[in-house]
Amino acid sequence: LMNGAILQSDSDLQYKAEDLLERAKNLQELSASTNNLLLWVASISLLVGGIGVMNIMLVSVTERTREIGIRKSLGARTGSILLQFLSESAIITLLGGIIGIILGVAGAILIGGVIGFSARIQPSTVLIASLFSAGVGIFFGIYPARKAAKLSPIEALRHE
């Protein structure tokens, strides 16, 4: 009888081990699909945010046409105006990225504390996210910056 009980518990143990292995595989698949979904959501968010920054910068160029004309008539080069608008768009998106990083870290710490996990934030990840954020600003700021830099000083000064 004791041998029978041992044999039965061995088969139960084997069944439970296979069940746990299957559950682990299912969790890995769920994790991979969740990561892919989050990647798509983040990509679309960056695209929408970049278009928003480009629109803001285009409005800024339109509102500051007279200022650009004055700078160009006083000898400002195309490159300096281009650099000014590119740096403005990079700073706008970098500040937005920093705010997002702060909210993300705070959320990770808060949610991790609630569910019993500790959040581990790596400085390299924060640096990469910040650089990527500024890069989005530079990429989407190219068109408005080029538009500002190519303005004719005469036409810009006539603009009201």
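Why does I102 count as exposed? At a relative accessibility of 55%, I102 falls in the exposed class, since exposed means over 50% relative accessible area, buried means under 20%, and partly exposed lies in between (1.4 Å probe, protein chains only). The structure is a predicted model, in which local features need pLDDT of at least 70 and side-chain atom pairs count only at pLDDT 80 or more, whereas totals for chains, interfaces and linings use all residues. Residues are numbered from 1 along each chain as its sequence is written, and side-chain values use heavy atoms, with hydrogens and water left out.

The protein chain contains five helices and zero strands. Helices (H or I, at least four residues) and strands (E, at least two) are DSSP runs, numbered from the N terminus. Read from the N terminus on, the order of elements is α-α-α-α-α. The protein chain has 160 residues, of which 21% count as buried. Among its contacts with a separation of 6 or more, 83% are between residues 24 or more positions apart; contact means heavy atoms within 4.5 Å.

Two helix pairs that involve α3 were examined. Helix α2 (residues 65-73) packs with α3 at an angle of about 145°, and the two axes are 10 Å apart. Axes are lines fitted to C-alpha atoms, for helices over the stretch in contact, and angles run from 0 to 180 degrees between N-to-C directions. The crossing of α2 and α3 is right-handed. A crossing is right-handed if the near helix is turned clockwise from the far one by less than a right angle, and left-handed if anticlockwise. On the α2 side, the contact is made by E67, I68, R71 and K72, and on the α3 side by T78, S80, I81, Q84 and F85. By class, the residues of this contact of α2 with α3 are three nonpolar, three polar and three charged. In this division, Ala, Val, Leu, Ile, Met, Phe, Trp, Tyr, Cys and Pro count as nonpolar, Asp, Glu, Lys and Arg as charged, and the others, Gly among them, as polar.

For α3 and α4, the packing angle is about 145° and the axes are 6 Å apart. The crossing of α3 and α4 is also right-handed. The contact of α3 with α4 comprises 15 nonpolar, eight polar and one charged residue.

Individual residues were then considered. I102 is located in helix α3, and its C-alpha atom is separated by 9.6 Å from that of V126, 24 residues away along the chain. I56 is placed in helix α1 and counts as exposed because its relative accessibility is 51%. Leaving out residues up to four places away in sequence, G50 touches V136 and F140. Between the C-alpha atoms of G50 and F139, which are 89 residues apart along the chain, the separation is 8.1 Å. R64 occupies the loop between α1 and α2 and counts as buried, because its relative accessibility is 19%. Apart from its neighbours within four places in sequence, R64 is in contact with Q84, F85 and E88.

The largest pocket holds about 370 Å³ of space. On a 1 Å grid over the protein atoms alone, a pocket is an open set of points where a 1.4 Å probe fits, with protein on both sides within 12 Å along at least five of seven lines, and lining residues have an atom within 4 Å of a point. The lining has 15 residues, and those closest to the centre of the largest pocket are A42, S45, L46, A129 and F132. At least two lining residues come from each of α1 (2-63), α3 (78-115) and α4 (123-149). The most are given by α1, with eight residues. The lining of the largest pocket consists of eight nonpolar, seven polar and no charged residues.

Note on methods:
Grid points are joined across faces, edges and corners, and a volume is the space filled by probe spheres set on the points.
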